[in-house]
Amino acid sequence: MSEIKRFKEVIQMSGIYMDADVLVIGGGMAGMRAAIEANSLGAKVVMAFKGKLGKTGAGICAYHGAGVGPWSTPKDSKELHLKDVIRCGGYLADQELCKIMIDEVPDRLVELEKYGLFWERKNDGGIDAYLGSGHSEPRTISTYRRQAGLSIHQALKAEITHRQIMAIEDTMVTNLILQNDSVVGATALHYTNGEFMIFRAKSVIICTGSHSQVFPSCTTPPDCTGDGVAMGYHAGAELINMEQALYVFGLSHPHTWRGILVPTLFKVGGDILHLLNKKGERYMQRYDPEHLEMATKDVHALSAYKEIQRGMGGGEKGDTLYADLRHLPFKEMREKLGDLVSCMEEMELDIRKDLIEITPTAHETLGGIRINSRCESTVPGLFAAGSAIGAIYGNDGIPGRGTGHALVFGKRAGEYAWKRAADVAAPSLENSAVEREHQRVHELLDRGNGISPNQLMKKLQQLMEQSFWVAKNEAHLRRALEEILKLRKEEVPRVSLSSRTKRFNLEWVNALEVEKMFDVAEMMIRSAIPRKESRTTFLREDYPEEDNVNWLKNIIVQKKNGEMHISAVPVNLIYVHPEE
Ligand SMILES: Cc1cc2nc3c(=O)[nH]c(=O)nc-3n(C[C@H](O)[C@H](O)[C@H](O)COP(=O)(O)OP(=O)(O)OC[C@H]3O[C@@H](n4cnc5c(N)ncnc54)[C@H](O)[C@@H]3O)c2cc1C
């Protein structure tokens with residue numbers, strides 16, 4: 001059958017068909033940076049993402065970036081930055097990738113000013129860098145009111161618009177299309193108009209962010225359901241560090257505001273916020289008297305966990321701790337932490353008098369698609385960048401690494417995806433694969449009475465909260481795995497929607513997402529079971545010690561013969577060693 005006839009059939013069946021050199025899935029920081037790079041090299045780029053351009057993804061919430069740039073002290077160096085990031089990541093980073101990130105991030109941060117962003121400056125005009133937890137030197141930078149993420153999104157959006165890059169909003173990519181074991185495109189649901197879409201592309205970049213929505217309360221937006229990681233898995237890509245996740249503090253009250261991040265590390269007027277238990281004690285004096293509230297995220301998560309275990313948490317469930325900002329200068333706080341202050345005002349809370357109720361909350365997940373320095377996954381044609389990739393900095397989040405990996409590997413992914421696209425012929429699309437996906441997506445609209453996607457999501461999230469919270473143990477993990485497999489078998493096929501409408505049916509989107517969340521949750525649990533040790537943010541109650549003899553390893557997940565296969569590979573300690 002001729003190529004043209006084949007495509008005509010595909011178009012008739014679907015509605016919308018698009019051709020690209022490079023398809024970017026995801027419209028956050030990594031996706032936008034990848035699209036700009038590929039476009040600047042001459043590629044025909046199509047971006048498809050959930051939500052609206054410049055307003056989608058976790059990046060918009062970021063407070064700051066970090067790097068050794070023109071703003072750094074004479075004592076600072078890229079070698080020191082690398083050591084800090086690898087140490088904070090429990091030595092589980094891919095050191096080659098980590099070094100690339102640290103070498104290139106200053107340029108990625110500086111070039112944002114070309115796109116219209118303005119880093120906050122001191123009186124002498126130099127960029128104002130401050131000390132972030134885990135960093136040896138002040139190298140963390142932000143924009144006015146600590147809204148770096150928002151400013152970066154606005155700058156990248158302006159560049160995308162200026163370049164007239166095709167950005168398809170309100171679109172959930174549902175699957176990758178494979179041909180002879182290479183990725184050659186993707187299918188999608190444009191949910192505002194209910195159209196099924198087909199993309200043919202020479203290279204596909206997954207920039208779909210983290211998968212923290214597997215937890216009931218998390219800081220990331222609802223679109224972070226791990227779709228790209230699950231699609232990569234089904235395409236045969238290796239995934240890495242899926243057992244790793246970060247926990248921070250979020251609001252615990254009111255319930256509907258759970259998940260809003262309460263940052264702990266900002267100095268305001270030379271002082272920091274205090275964390276208190278229900279007795280009003282500044283409990284970090286017990287756990288990290290040197291750094292107190294400037295401790296790293298893993299120390300905070302562990303300290304909060306221990307304090308709550310000791311019965312020192314307040315609130316109905318005994319899991320509430322308190323952020324005390326009463327001693328901090330209010331005017332400066334408005335300038336530095338405007339978002340938090342406005343948020344508290346909305347809650348009718350006066351932070352000059354009242355404490356903020358907080359609780360440990362899931363932050364970004366740290367595992368994802370395994371890439372090399374060209375951002376290639378282990379499947380030809382499939383690239384990845386941003387939070388959908390794993391192992392860049394190991395298993396803890398030193399401030400600024402999230403924007404770092406999104407910008408650095410976003411740019412690289414765009415570059416290498418274009419290089420591949422320039423080398424290969426336009427692929428042919430197998431109708432049967434597209435038809436199967438069309439049927440799978442639409443079959444959801446015809447199901448009878450069953451369970452709603454939201455109900456099923458909640459069940460999964462509860463299991464993850466019970467088994468995959470700050471502290472884990474084998475019995476809970478195994479029980480959760482059994483339950484997840486049972487739910488997948490019995491309930492996932494019963495997911496049904498309350499409305500059959502195709503236009504703006506977000507329940508339909510949720511139904512497609514929940515299947516992917518099951519994939520991701522299973523990978524996380526299966527990867528956590530064999531890691532019989534505790535390391536920075538990964539805490540096993542049954543194996544409380546760090547084990548450098550047996551566990552300086554990354555856990556790999558891959559689909560083989562339809563089964564989830566788990567293995568472990570030694571970390572490449574090429575630059576920094578735990579003994580140093
Ligand atoms: C509350 C919060 C605060 C943070 N603070 C900082 C900070 O101060 N400093 C720092 O460096 N990092 C911070 N981070 C981390 C940083 O924001 C992320 O690492 C970074 O934004 C990752 O960018 P990304 O493009 O990979 O993912 P995201 O920005 O999450 O973008 C993912 C994109 O993929 C889309 N998508 C998902 N699934 C699909 C699908 N199936 N089809 C189509 N599109 C899809 C989403 O809609 C979105 O557009 C923070 C994160 C959070 C949540």
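This is a predicted model: local features need pLDDT of at least 70, side-chain atom pairs count only at pLDDT 80 or more; totals for chains, interfaces and linings use all residues.
**Around the ligand**

The ligand is surrounded by 44 residues, and the closest are Gly-28, Gly-57, Gly-209, Gly-386 and Gly-402. Sorted by class, the shell around the ligand holds 22 polar, 17 nonpolar and five charged residues. Helix H2 (29–40), strand S6 (171–179), helix H6 (227–234) and helix H11 (401–423) each provide at least two residues of this shell. H11 contributes the most, with four residues.

Strand S13 spans residues 356–365, and nine of its 10 residues are buried, so the rest of the structure largely encloses S13. A residue counts as buried here if 20 or more other C-beta atoms lie within 10 Å of its own.

| Strand | Direction relative to S13 | Bridges to S13 | A bridge between residues |
|---|---|---|---|
| S10 (residues 245–251) | antiparallel | six bridges | Tyr-247 and Ala-362 |
| S12 (residues 321–324) | antiparallel | three bridges | Leu-321 and Ile-358 |

**The two domains**

The chain is divided into domain 1 (247–362) and domain 2 (433–544). Taken over C-alpha atoms, the centres of domain 1 and domain 2 are separated by 30 Å. Contact between them involves seven residues of domain 1 and five residues of domain 2. On the side of domain 1 that touches domain 2, helix H8 (residues 297–309) supplies the largest share, five residues. By class, that side of domain 1 has five nonpolar residues, two charged residues and no polar residues.

Terms used:
Residues are numbered from 1 along each chain as its sequence is written. A residue is near a molecule or strand if its C-beta atom, placed from the backbone, lies within 6 Å of it. Ala, Val, Leu, Ile, Met, Phe, Trp, Tyr, Cys and Pro count as nonpolar, Asp, Glu, Lys and Arg as charged, and the others, Gly among them, as polar. A residue is buried if 20 or more other C-beta atoms lie within 10 Å of its own, exposed if 12 or fewer, and partly exposed in between; C-beta atoms are placed from the backbone. Two strands pair if DSSP finds at least two bridges between them. Domain bounds come from an automatic or database domain assignment. Two residues are in contact if their C-beta atoms, placed from the backbone, lie within 7 Å.
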